[in-house]
Amino acid sequence: MKMKKPLNPIQTELLKKHIKKFEEKDGVLTEAFTIDGDAGMILYGFVSPNKTVKGVVFI
């Protein structure tokens, strides 16, 4: 079974840039992680007054 792993500092910065560009300013990041064995993508959850997004950022 693959486990969720917290983001490292580089992944965190990439996610911040993605959210700043694509998501609404008044939203909240609810979760962010990578899957053990697959460092090529970041999965995240984002909630704002207008939408809830579960997304993936490929790195």
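**Reading the core and its surroundings**

In this predicted model, the largest nonpolar core is made of eight residues: Leu7, Leu15, Ile19, Ile42, Tyr44, Phe46, Val53 and Val57. Two or more of these residues come from each of helix 1 (9-22), strand 3 (38-47) and strand 4 (52-58).

Q: Which element gives the largest share of this core?
A: That's strand 3, with three residues.

Q: What makes Leu7, Leu15 and Val57 contacts of isoleucine 42?
A: A contact needs heavy atoms within 4.5 Å. Isoleucine 42 touches Leu7, Leu15 and Val57, among others, leaving aside residues up to four places away in sequence. Its list also includes Gln11, Phe33, Thr34 and Gly55.

Q: Why is alanine 32 called partly exposed?
A: Its relative accessible area is 26%. Buried would be under 20% and exposed over 50%, so a value in between counts as partly exposed.

Q: Where is alanine 32, and what does it touch?
A: Look in strand 2 (residues 28-35). Alanine 32 touches Leu7, Leu15, Leu43 and Tyr44, again not counting residues up to four places away in sequence.

Q: How do you know that the charged end of lysine 4 sits over the ring of phenylalanine 33?
A: The charged end is 4.4 Å from the ring's centre. The distance cut-off is within 6 Å, and the charge must also be within 35 degrees of the ring normal. Lysine 4 is counted as sitting over the ring of phenylalanine 33.

Technical notes
Residues numbered from 1 in each chain as written. Predicted model: local features only at pLDDT ≥ 70, side-chain atom pairs only at ≥ 80, totals over all residues. Heavy atoms only, no water. Core = buried A, V, L, I, M, F, W, Y, C linked by side-chain atoms within 4.5 Å. Buried < 20%, exposed > 50% of the residue type's maximum accessible area, 1.4 Å probe, protein only. Helix = DSSP H or I, 4+ residues; strand = E, 2+ residues; numbered from the N terminus.
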